[in-house]
Structure formats: structure tokens, C-alpha cells
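Please read the following report alongside the sequence and the model.

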Amino acid sequence: MLRSKVLTSALTAALGVGLAASLGASPAAAAPDDRAVSPANATAAYAGSAAEAKANQAFFDAVVKSVAKKRAAAPGAAAVTVVYSASNAPSFRTQIARSTQIWNSSVVNVRLVEGSNPDFRYYEGNDSRGSYASTDGHGGGYIFLDYRQNQQYDSTRVTAHETGHVLGLPDRYSGPCSELMSGGGPGTSCRNAQPNAQERARVDQLWRYGLASAFKN
């Protein structure tokens, strides 16, 4: 299941889960989360729900607020830098690195960098909801990568999709495989992990003028 959040109501309305949320797995133990896990919730989440939209909003808010504090210290930077930590998702270090390279080579106005004092973290484990983006309930954002989902779907696509939410892109379940943010919609045979031209342009539009642009959109 792929999730995110957007800072504004326009983006929030479009956000939801991502890859197949109905993959049966045990509740995650590796990532902090305050939401209940159940097969019913997973099925509803795949179609989008108010609860998912709220979780997505909280995640994006947490990331943007963290980035904003750092941005204030370096207002002249050409691109906004979003710092992440992959230390809690060692099994997916390769996929995370590939996803970061994909996004950094696709857009120019925002950069993803691994480092200390991260704006969000990656976690791994088992969760019946699949992979998703959320918050830890203490103002921090994280992306959770589910083992079983990453075995059934292309793992780099899953990770790149979730990372797309960090950059402000909504899910588009009905989209074709060529759209990264269509998530699990095209099925398990889809292996595309590259954002298309429209997705790349949208991210650059969102971050063209730094956080001021992200807040407006």
C-alpha cells in the first residue's frame, strides 16, 4: 500500500494508499505507528479513505516542517534538500539508493540526501497494510517498507513510489504502468520505477521556489 500526504487540500484530496493493501501479513513491529491494523482497514485503504488522507497529510506536514527549519538556515540554496535515514531498513538499502538516484536525476528543485538529523526515515518489517508513509505521533515522518509486498511487487518501484509521496505526488491507482504513482494498480507485472514527464514536472513545479511553492500548492 502506498501512502503520502500533501500540505494543501488540493493535493490531500488526491492522496491515499498505493500498492496492494490487502496483502496478508503480520502487524509491523519495526516502525512506530498508532493506527490499528486489520484486514478490513487494509481493504478500505486501497480504495482511499478519510483516515488515509489524514495519515498522508500528517506525514507530509512532518517532513515539510522539518525541512523548513533547515531551509531557514540556508535560504540561498538553489534546491531544497530533504534528508533521510535508511539505517532502520537495511534490507532495502539498495532499493532506497536506487530510488534516491532516480528522483535526483529526474528533478532539479529538490534533492534527497542521506544523512544525520533526517527529515524522515525508512523502516522495514511485516504489515498487513503493505508499504506506506506515516508519522510516529511525535512530529516525525517515516516510510514503512513491507517484506511481503516487496516480494510480490517490484521493490524499487515500491520504494520510488513511496518516496514520490515525500515530494508531494498523489496516488493515481487508475494510471498505467508508465506512471510511477499508479502504484499497484497495473498489477505485479509492472516493474517501472521511473516517474513520467508529468510527474517530474509536477515535483519541480511544487518545489520551484522552495518551500514557499510547496505551501501554496
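Predicted model: local features only at pLDDT ≥ 70, side-chain atom pairs only at ≥ 80, totals over all residues.

Residues are numbered from 1 along each chain as its sequence is written, and side-chain values use heavy atoms, with hydrogens and water left out.

Five strands form an open sheet of mixed pairing in the order β2-β1-β3-β5-β4, where strands (E, at least two residues) and helices (H or I, at least four) are DSSP runs numbered from the N terminus, and two strands pair if DSSP finds at least two bridges between them. Because β2 and β4 (132-135) stand at the edges with a single partner strand each, one side of each is left without a neighbour in the sheet. Two of the pairings are set out here.

| Pair | Sense | Bridges | Opposite residues |
|---|---|---|---|
| β1 (residues 80-88) and β2 (residues 110-114) | parallel | five | Val80 and Val110 |
| β1 and β3 (residues 120-125) | parallel | three | Tyr84 and Phe120 |

Helix α4 packs on the sheet, touching β1, β2, β3 and β5 (141-146), with contact meaning heavy atoms within 4.5 Å. Helix α6 also packs on the sheet, touching β1, β2, β3, β4 and β5.

The axes of α4 (residues 93-106) and α6 (residues 155-166) come within 9 Å and cross at roughly 55°, the axes being lines fitted to C-alpha atoms over the stretch in contact, with angles from 0 to 180 degrees between N-to-C directions. The contact between these helices includes Ile102 and Trp103 of α4 and Thr159 and Ala160 of α6.
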